[in-house]
Amino acid sequence: MEVKIGVQHAPREISIESAQTAEEVEKAVAEALTGTGKLLSLTDEQGKRVLVPADRLAYVEIGEPAQRRVGFGAQL
């Protein structure tokens with residue numbers, strides 16, 4: 001699942017491939033924004049955690065699961 005996070009006062013967005021489902025990501029964002037958590041915490045496919053202060057979130061874009069292409073000249 002591709003997740004893009006916009007951070008206030010940061011020139012670039014954070015983009016990760018997460019093993020979490022869209023519902024899990026949405027729940028984590030909602031908890032961070034409602035004040036029950038001070039941080040948005042997501043885990044990427046390699047097990048690394050990404051932490052973003054909830055008060056600095058500009059937007060979170062939850063994409064479709066990534067399709068893996070195999071081979072040379074894989075077409076879109």
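Let's start with Gln 20, which counts as buried because its relative accessibility is 19%, where buried means under 20% relative accessible area, exposed over 50% and partly exposed in between, with a 1.4 Å probe and protein chains only. Please keep in mind that this is a predicted model, where local features need pLDDT of at least 70, side-chain atom pairs count only at pLDDT 80 or more, and totals for chains, interfaces and linings use all residues. Residues are numbered from 1 along each chain as its sequence is written, and side-chain values use heavy atoms, with hydrogens and water left out.

Where does Gln 20 sit? You'll find Gln 20 in the loop between strand E2 (14-17) and H1; helices (H or I, at least four residues) and strands (E, at least two) are DSSP runs, numbered from the N terminus. Leaving aside residues up to four places away in sequence, Gln 20 touches Met 1, Val 25, Leu 42 and Thr 43, contact being heavy atoms within 4.5 Å. A polar atom of the Gln 20 side chain lies 3.3 Å from the backbone nitrogen of Thr 43.

Now, the core. The largest nonpolar core has 15 residues, and Val 3, Ile 5, Leu 40, Leu 42 and Val 52 have the most contacts inside it. By nonpolar core I mean buried Ala, Val, Leu, Ile, Met, Phe, Trp, Tyr and Cys residues joined through side-chain atoms within 4.5 Å. H1 gives the most to this core, with four residues.

And Val 3? Its bridge partner in E2 is Ile 16. E1 and E2 pair in the antiparallel sense over four bridges; pairing takes at least two DSSP bridges between two strands.

Note on methods
A polar contact is a pair of N or O atoms within 3.5 Å; within protein, one must be able to donate a hydrogen and the other to accept it, and residues adjacent in sequence count only if both atoms are side-chain atoms.
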